Amino acid sequence: MKQLKNKILITGVAGFIGFHVAEELLKNNEHCIGIDNINNYYDKKLKLKRLSILKKYKNFKFFKVDLSNQSNFKKISKYKIKLVINLAAQAGVRYAFENPESYIKSNIVGFSNLLSFLKKKKINKLIFASTSSVYGDIKTFPWSEKNKTNSPLTIYSSSKIFNENLAYSYSKYFKISALGLRFFTVYGEFGRPDMSIFKFTKNILSGKPITIFNRGDHIRDFTHIDIIKDIFVKLIINKKFEKIFKNRSFEILNVAGGGKIKLLKLIQLIEKYCGKKAKKNFVGLQMGDIKQTEADLSSLKKYKLLNKTVKINDGIKRFVKWYKNYAL
Ligand SMILES: NC(=O)c1ccc[n+]([C@@H]2O[C@H](COP(=O)([O-])OP(=O)(O)OC[C@H]3O[C@@H](n4cnc5c(N)ncnc54)[C@H](O)[C@@H]3O)[C@@H](O)[C@H]2O)c1
């Protein structure tokens, strides 16, 4: 009888990063189960569009699952899963002031339920999304994984610090190899409509003003989605995951692409590729804002996980081109 291939479970598969990671693994012939609750944090049409692309792959199965509802896990319990990639979350820094409960529900309750599922099903490999926001507003750069993460500025950051701590305990007690990836501002095609590059492009092209926080002085370490995809290929297809966990059960890595840029400079690039000037509305620093992010990438390099670079100029050019096709 034909042996069924063990599957990779990807949560948040209709989301920006989940979609790209899933597609990359499917192209590499992995069998993936994708789950998502398709919430309405941003336009569901974009999530459904991403899903429609994934559903074209024969080696993909989708289930509508809300991680915060434990009984929903029944839908996937018959599958043999070799690895879980958790990309589902209530994302976004600013929304945490408006709706903190959604972070508790998805990131605290949902993530806890997911870890119970791993324990129950004896799944011993986990890769989960964390964020550069765990560093709070540490003033010495670059930010290293060795820095303390005990001053979160938002509930989003607190929820991700909780994720790291809970995954650490599960890794110790239940023999789960757990890898937390602290993503630094990820952007690219099919990106999130609540993030600056998407919002700026949309407003510049439609002639609407853009609101620029901290008068454009913010500095961000941007990461193109291709870098993330490449890291997942190295971890899973090229089996770097097993190498990392030969002598340990838990690891945290900064994930960035070395694309540090000032906000005003970024806007100039978007203007260039939109072929239009932005109407700028400058405002001051907002609650929970972090002025600068910059990743220390030595751990990522030590594991030979960072080979790819996408220059911010090229990344923005590609994004604007995609946006014009997608939205106009
Ligand atoms: N995009 C970035 O720049 C960035 C930076 C740092 C960290 N992250 C983290 O990376 C991960 C992916 O981010 P993204 O940008 O793709 O966000 P996204 O919002 O596009 O994707 C998250 C997906 O999770 C789903 N989801 C939310 N709560 C759920 C629940 N309870 N049950 C099932 N599905 C649920 C949403 O519907 C969404 O499709 C998140 O954990 C996020 O916090 C992203």
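Modeller: Buried means under 20% relative accessible area, exposed over 50%, and partly exposed in between, with a 1.4 Å probe and protein chains only. The model is predicted, so local features need pLDDT of at least 70 and side-chain atom pairs count only at pLDDT 80 or more, while totals for chains, interfaces and linings use all residues. Residues are numbered from 1 along each chain as its sequence is written, and side-chain values use heavy atoms, with hydrogens and water left out.

Colleague: Is Lys 234 buried or exposed?

Modeller: Lys 234 forms a salt bridge with Asp 230 (a side-chain nitrogen of Lys or Arg within 4 Å of a carboxyl oxygen of Asp or Glu). Asp 230 has 19% relative accessibility and so counts as buried. At 9% relative accessibility, Lys 234 likewise counts as buried.

Colleague: How many residues apart in sequence are the parts that the pair Lys 262 and Asp 217 ties together?

Modeller: Lys 262 forms a salt bridge with Asp 217, with the closest N and O atoms 3.3 Å apart. Lys 262 belongs to strand S11 (residues 259-262), whereas Asp 217 sits in the loop between strand S8 (209-212) and strand S9 (219-224), so the parts tied together are apart in sequence by 45 residues.

Colleague: How many salt bridges does a search of the whole structure find?

Modeller: Side chains of opposite charge can pair when their charged atoms come close. For the whole structure, the number of salt bridges found is 15.

Colleague: How is H6 placed relative to H11?

Modeller: Helix H6 (residues 196-205) and helix H11 (residues 312-327) pack with their axes 11 Å apart, at an angle of about 60 degrees. Axes are lines fitted to C-alpha atoms, for helices over the stretch in contact, and angles run from 0 to 180 degrees between N-to-C directions. Angles under 35 degrees count as roughly parallel, over 145 as roughly antiparallel, 65 to 115 as roughly perpendicular and the rest as oblique. H6 is therefore, relative to H11, oblique.

Colleague: Is Trp 322 buried or exposed?

Modeller: Trp 322 lies in helix H11. Its relative accessible area is 11%, so Trp 322 is buried.

Colleague: How are H4 and H5 placed relative to each other?

Modeller: The axes of helix H4 (residues 100-121) and H5 come within 9 Å. They cross at roughly 10 degrees. H4 and H5 are therefore, relative to each other, roughly parallel.

Colleague: In which helix is Ile 155 found?

Modeller: Ile 155 has 35% relative accessibility and so counts as partly exposed. The residue is found in a helix that spans residues 155-173, namely H5.

Key
Helices (H or I, at least four residues) and strands (E, at least two) are DSSP runs, numbered from the N terminus.
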